[in-house]
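This report looks at one helix and at some of the charged pairs in a chain. Please keep the predicted model in view while reading.

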Amino acid sequence: MNKNLKELIELAQIDRELDSFTPQIDEIDAKIAKSQEKVDAIEEEMSQTKSEIEENSSKIKAFEDQIEALSEQIKSHAKKSKDITTEKEMKALSMEEDIAKEKLSFANEEIDRINAINEKKTAMLQELENQLTSAKEDFEKTNADNVAKKDEIEQNKTKLYTQRDESTRSIEQKILAFYEKIRTWAGNSAVVPLRKQACYGCYMKISDKAYSEVIRSEEIITCPHCGRILFVESELTQA
Ligand SMILES: [Zn+2]
C-alpha cells in the first residue's frame, strides 16, 4: 500500500479517537452539573420554606398584638359598664364586647392554625437539611470520581496528540494539507474504506475503473462522488 495513504489512515484513526473524547467530557460535565443542580434545588426549597416560616411567625406576632389590644378593650368595657345608665348604651356596649370576643377567638384560632403549619414546615426543613447533606455528599463523590475520569481522558488526549505530532511529521506537507482540507467538511470521515465497492462516506458505488485504482493504491484516490479519501480494508490488513 502507498505509504502516504497508510499514514493518512493512521492519522484519521488518531483524529477519530481525539474527537471521541469531546462527548465523553461533555457527559462528565453534565453529570457534575446535574449533581450540582440537585444541591441547588434543595437549597432553594429550604430558603423558600424558611421565608414562609418567617412570614407565618410575623402573622402570629400580629395576631398576638391584636389579642393584647382586644384584651385591653374588653377590660375597658368592664370599667365602662359601671357608668352605664341607659339600656341603649348597655346594648351598644354589649355588642362591642361580643365583637371583641369574637375577634379574640378568631385570633386565637388563627394562631393555633398557623403554629400547626409552621410545625409541619419546620419538620420539612429538617428533612430538607438531611437531603441537603446527602446531596452534598453525592456531589463531592460525583465530582471527585469525574475529575479523576477527566484527568485520565486528558492524559490519553496528550498521548494521542504526541502520536499525532509524530504522525504528521512523517507525512508529506502537501498530502497533509489535502487531508486537512477534506477534514474541514467531512470531519471524522475524511478517510473511509470501500465496502461492496461503495464509499463508506457517501455510500455511493464507484465505477470498476475507480475501484481497481483504489485496489492498486499506488496513489491517493478520492471518491468521485464526494471527494473523501478511499482505501480498501483488506489492503490495510495485508500491509
Ligand atoms: Zn463518497
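The buried residues of α3 are Ile 175, Leu 176, Tyr 179, Ile 182, Arg 183 and Ala 186. Viewed down the axis of α3, these buried residues fall within an arc of 130°, so they line one face of the helix. They pack against α1 (3-83), α2 (87-170), β1 (191-195), β3 (221-222) and β4 (229-231).

Helix α3 covers residues 173-186, which makes 14 residues. From its first C-alpha to its last, α3 reaches 19 Å, close to the 20 Å expected at 1.5 Å a residue. Just after α3, Gly 187 has a positive phi of about 60°.

Arg 183 counts as buried because its relative accessibility is 18%, and buried means under 20%. Asp 15 counts as buried too, at 2% relative accessibility. Asp 19 is partly exposed, with a relative accessible area of 30%.

The structure holds 16 salt bridges, including those in the table.

| Pair | N to O distance |
|---|---|
| Arg 183 and Asp 15 | 3.6 Å |
| Asp 19 and Arg 183 | 3.4 Å |
| Glu 233 and Arg 195 | 2.7 Å |

Glu 233 lies in helix α5 (residues 233-238) and Arg 195 in strand β1, so this pair ties together parts that are 38 residues apart in sequence. Salt bridges also link Asp 15, Asp 19, Arg 164, Glu 180 and Arg 183 in a network.

Key
Residues numbered from 1 in each chain as written. Predicted model: local features only at pLDDT ≥ 70, side-chain atom pairs only at ≥ 80, totals over all residues. Heavy atoms only, no water. Helix = DSSP H or I, 4+ residues; strand = E, 2+ residues; numbered from the N terminus. Expected span 1.5 Å × (residues − 1). Buried < 20%, exposed > 50% of the residue type's maximum accessible area, 1.4 Å probe, protein only. Arc of directions from axis to C-beta. Contact = heavy atoms within 4.5 Å. Salt bridge = Lys/Arg side-chain N within 4 Å of Asp/Glu carboxyl O.
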